[in-house]
Amino acid sequence: MEQYTVTGMSCAACQARVEKAVSALPGVESCAVSLLTGAMGVEGSVDPSAVISAVEKAGYGASLKDTGNASGPSADYLQKLSAQEDALKDRETPALRKRLLTSLGFLLLLLYVSMGAGMFGFPLPAFLADNPVSIGLLQLLLSTIILVINRRFFVSGFRALLHRAPNMDSLIALGSGTGYVYSVVILFLMSDALLQGKMHTAHGYVHELYFEASAMILTLITLGKMLEAYSKGKTTDALKSLMRLTPKTATVLRNGQEVSVSVSDLRVGDLFLVRPGETIPVDGIVREGTSAVNEAALTGESIPVDKEPGAEVTSATLNQSGFLKCEATRVGEDTTLAKIISMVSDAAATKAPVARLADRISGIFVPAVILIAIVTFVIWLLLGAETGYALARGITVLVVSCPCALGLATPVSIMVGNGVGARSGILFKTAESLQETGNIRIVALDKTGTVTEGIPRVTDLVPAEGVTEEELLRKAAALERPSEHPLAGAVLRYAESEGLIPEPVEDFLAKPGNGLQARLKGNLLVGGNAAFAESFAPLPMHLLQESRRLSGEGKTPLFFLENDTPIGLIAVADTLRPDSAEAIRQLQRQGITVVMLTGDNERTAAAIGARAGVDRVIAGVLPDGKEAVIRELKASGKVAMVGDGINDAPALTQADLGIAVGAGTDVAIDAADVVLMKSRMADVPAAVRLSRATYRNIMENLFWALIYNTLLIPAAAGLYSHFGVTMNPMLGAAAMSLSSFCVVSNALRLNLVKVYDPSRDRNPYRETPEEKRNEKPLEKTLENKEGSSTMEKTIEIKGMMCAHCEASVKKALESLEGVESAQVSHEKGTAVVTLGSDVADDILKKAVEEKDYEVTGIH
């Protein structure tokens, strides 16, 4: 997407005009203009000069956003960032404040002359009191000064009229200008009456002057514009605070010497040093040192994260305690902070679907208001009203209508909602993703790394009779120490956490798919699955019963023996994330069906799904089969896919909404619509909560903008005058100036949303009993699909002992042409293969045996 800066827009009609002009260019696929930030995003193959020319022909200014021209990627990025930050500075509020104060000074004089003397009897100099023409001329002078001070409305408004694209400034210019011109005509009539000696008639014309109304309209609109500009500046505070986080300097090692350099001089591979209290300048990997790093600036998480050699560090995070030597891995636009700023900024340049309603209305709003004003003026004249009264009704219609509130209704809420999300570590890439997150009906969760931690951990120790837990763990750790198996790593990490240092063993032997054996101080240690352990000695009944119970919970039991005597078992499992179960409950309270996808066998998947509390479990899903599952789920409603791995990218793209956890791969993050920087499941319901709050806020803004115009335009036209309800132009201008301010202020209320508070969650999808009965179970739909034109073979396999063995066999089988899926169980010792076409038995056997497992039969 090419980004442009557009100048000269004042309301939703301007925004619609620019979009229409650019969208008409050949090669433009989409165009989104933000009235709030003056940004325009254009997708397609179109020359930037053609885009700029189209905007200028429409009566506005445009330029490509500055990308910098410094040397090196970091320098480019810093210059570009500086330009973006400079563009977000609120220059409008000070300028409008100066205009307002100057206008107000002259307006008070004008009101004293026009209303103070006539209505309240305030004293006037003798040369004015007895000469109505002098009073009129003084009002002309003062109002002209105010018109010149606020000439921007006239320049912009009449330029838009010349381009046949009237905007809000056109309404103001027409309303104020008509009152001013009418008053000048009255002044000439007053002078003529005075020349003819008709003093009474001349004094009567004084009440027909609308100089103060014209000036008041401009001053009140300027007041409203100033309040609006100030509030709009507040909506970009989150983005500006992110930009200010960007570090400016870094301490690097050059030829063995510490040198302080600009961050723009850093390159990938440079070694940089971070002392306690300093900010980490770019993304990198810790090479030396340990410390606690506060990542609250990016993730919103206040608890510092421990860093040690090999750990990743992120730019703009704060080193709190130790000294770190790091190697730069991402610099310039590639850093995590830069990507966050880019996402928040780009989202502001996109358009939510709900904004299309406001766009359609805005496109015809201003011409319709001008037509209503003309019709109002003519009808009152036909009804016999005085010209001044009819003109006042027409002017009031022009100045009371507010297309600006319509144009701001959506973008201000999107900007504030994105800011709230960024502070909480929830990043929406587009305005559409922010709106649609709250509309999802099904959340599909990838089990490993999303619902679970993705790392095997020890969950249970069951020592044999006469053996302590400490003795079992010490001997198991000694046996597992030389092994590289993931389950061995789980045992060793647990032993380390208990303060145990594994002793060295001799004669170590690993038997793939079965277990391990070694000697510790001359004693034979054996560890592995039940079949392997029983080949050395019978296992006690209570250990076998515990093994079956633990297997039923989705855990992998490892048996250990010493000198052919069982000493106990240790259960290992991929444990749930601490917040998974609660996050899933919150999603369900929000009316969302939660589905867990996993490649595990049905028994293990069902056990984990039960602990997590998901609604449905789909087991045996291949990494490359997730996309097909998502396609099936979409038949039952809008689907969000939550994942973190490279193999999740196709499913994230296929889903209606892709949600990537921030600790995942860059591929997954690039494919997603929403990124959760903290990698917490609790952020999924929080994102839904924020999306729904933002959508409610947008609808409130649109309601206010529409109801305001619906009620006040008829009142301005005098439709309610029969009931004694009338509105003068000054009151209309005041109402118009406040309407946009109210919309922006309402959007700022989103800053008060508590995204992690589930107390107000509700289910917006209230299904009738009939809909419930007709709902198709998702698992059944998939089962029937898979079984429609396939055949199955069951392979009997010896040597598998855990879920990782299952995964190895499954991957080997599913890599074969003709194999659609493989359901592998190490407990049953089988692999049930679903074939799309016939595959010879010897090919299946060879694939398994190449992984060091024994095939005993195929049927």
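Me: How many bridges join strand E25 to strand E26?
Reply: The model is predicted: local features need pLDDT of at least 70, side-chain atom pairs count only at pLDDT 80 or more, and totals for chains, interfaces and linings use all residues. Residues are numbered from 1 along each chain as its sequence is written, and side-chain values use heavy atoms, with hydrogens and water left out. Strand E25 covers residues 657–661 and strand E26 residues 674–676, and the two run parallel. The number of bridges joining E25 to E26 is 3.

Me: In E26, which residue is the bridge partner of valine 661?
Reply: Strands (E, at least two residues) and helices (H or I, at least four) are DSSP runs, numbered from the N terminus. In E26, valine 661 has as its bridge partner leucine 676.

Me: Which helix packs on the sheet, touching E14, E24, E25 and E26?
Reply: The helix touches strand E24 (639–643) as well as E14, E25 and E26. Its direction makes about 50° with that of E14; axes are lines fitted to C-alpha atoms, for helices over the stretch in contact, and angles run from 0 to 180 degrees between N-to-C directions. The helix is H28.

Me: Which strands stand at the edges of the open sheet of 7 strands?
Reply: The order is E14-E26-E25-E24-E15-E22-E23, with mixed pairing; two strands pair if DSSP finds at least two bridges between them. Each edge strand has a single partner strand, so one side of each is left without a neighbour in the sheet. Those edge strands are E14 (426–428) and E23 (616–618).

Me: Is H23 roughly parallel or roughly antiparallel to H28?
Reply: Helix H23 (residues 580–589) and helix H28 (residues 683–716) have axes that come within 8 Å and cross at roughly 30°. Angles under 35 degrees count as roughly parallel, over 145 as roughly antiparallel, 65 to 115 as roughly perpendicular and the rest as oblique. That crossing therefore makes H23, relative to H28, roughly parallel.

Me: Which residues in H28 does H23 meet?
Reply: Contact means heavy atoms within 4.5 Å. From H23 come Ala583, Gln586 and Leu587. In H28 they meet Val684, Pro685, Val688 and Arg689.

Me: At what angle do helix H6 and helix H8 pack?
Reply: H6 spans residues 132–149 and H8 residues 168–195, with their axes 10 Å apart. The packing angle makes H6 roughly antiparallel to H8. The angle is about 160°.

Me: Which residues in H8 does H6 meet?
Reply: H6 brings Pro132, Val133, Gly136, Leu137, Leu140, Ser143, Thr144 and Leu147. In H8 they meet Ser176, Tyr180, Val184, Leu187, Met190, Ser191 and Leu194.

Me: In which helix is phenylalanine 211, of the pair with tyrosine 180?
Reply: The structure holds 4 aromatic pairs. The ring centres of tyrosine 180 and phenylalanine 211 lie 5.6 Å apart with planes at 70°, so this pair is edge-to-face. The pair links distant parts of the chain, 31 residues apart: tyrosine 180 is in H8, and phenylalanine 211 is in helix H10 (residues 211–235).

Me: What is the order of the open sheet of 4 strands?
Reply: The edge strands are E28 (819–825) and E30 (854–858), each pairing on one side only. Neighbouring strands of this sheet are turned by 25° against each other on average, direction ignored. The pairing is antiparallel, and the order is E28-E29-E27-E30.

Me: Which residue in E29 is the bridge partner of lysine 793?
Reply: Strand E27 (residues 791–798) and strand E29 (residues 830–835) run antiparallel, joined by 6 bridges. The partner of lysine 793 is valine 833.

Me: Which helix lies across E27, E28 and E30?
Reply: The helix covers residues 841–849. It runs at about 155° to E30. The helix is H33.

Key:
Rings of Phe, Tyr and Trp (its six-membered ring) pair if their centres lie within 6.5 Å; planes under 30 degrees apart count as stacked, over 60 as edge-to-face and the rest as tilted.
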